[in-house]
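Welcome! Here is a short briefing to read beside the sequence and the 3D view. Please take a look at both before going on.

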Amino acid sequence: MEKVEILKSIVNSDGIIIRWPKKKEEKRAVLEYLITKFERGRKYSELEVNMIIKKWHSFCDHSLLRRELYDAFLLDRTPDCHEYWVHEEESK
């Protein structure tokens with residue numbers, strides 16, 4: 001299924017994520033959508049990451065989404081979690 005179709009039942013007309021899906025494919029689509037709200041090459045504090053995530057979802061679990069972005073290798077962070085940034089693919 002195409003990402004746009006997957007997101008139709010998960011993201012409302014204002015672009016807000018309204019629920020955390022159960023299916024792996026749907027979760028990945030949501031995370032790939034959410035990471036587009038971050039600027040590549042910019043460093044973010046944990047507070048800034050939380051604020052962006054809170055702006056783009058309505059089910060009140062920014063910690064889950066932050067952790068999922070990190071676990072999916074879409075968001076990187078320092079070991080002390082003070083800085084976050086969009087994961088960049090390493091060129092080979």
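Two rings of Phe, Tyr or Trp (its six-membered ring) count as an aromatic pair if their centres lie within 6.5 Å, and planes over 60 degrees apart make the pair edge-to-face. Please keep in mind that this is a predicted model. With that in hand, let us look at its rings and then at one helix.

**The aromatic pair**
- A search of the whole structure turns up 1 aromatic pair.
- Its partners are phenylalanine 38 and tyrosine 44, whose ring centres are 5.3 Å apart; their planes meet at 85 degrees, so the pair is edge-to-face.
- Phenylalanine 38 is buried, at 6% relative accessibility, and tyrosine 44 is buried too, with a relative accessible area of 3%.

**Charges over rings**
- Tryptophan 85 has lysine 43 over its face, 3.9 Å from the ring centre.
- Tyrosine 70 has the charged end of arginine 77 over its ring, at 3.7 Å from the centre.

**Helix H3 and its two sides**
- Helix H3 covers residues 46-55, and its buried residues are Val49, Asn50, Ile52 and Ile53.
- Viewed down the axis of H3, these buried residues fall within an arc of 165 degrees, so they line one face of the helix.
- As background, an α-helix has 3.6 residues a turn, so residues three or four places apart point the same way.
- Leu47, Met51 and Lys55 are exposed, on the face of H3 turned away from its buried side.
- What covers the buried residues of H3? The cover includes helices H2 (24-35) and H4 (62-71), along with strands S1 (75-77) and S2 (84-86).

Notes:
Residues numbered from 1 in each chain as written. Predicted model: local features only at pLDDT ≥ 70, side-chain atom pairs only at ≥ 80, totals over all residues. Heavy atoms only, no water. Phe/Tyr/Trp six-rings, centres within 6.5 Å; stacked < 30°, edge-to-face > 60°. Buried < 20%, exposed > 50% of the residue type's maximum accessible area, 1.4 Å probe, protein only. Lys NZ or Arg CZ within 6 Å of the ring centre and 35° of its normal. Helix = DSSP H or I, 4+ residues; strand = E, 2+ residues; numbered from the N terminus. Arc of directions from axis to C-beta. Contact = heavy atoms within 4.5 Å.
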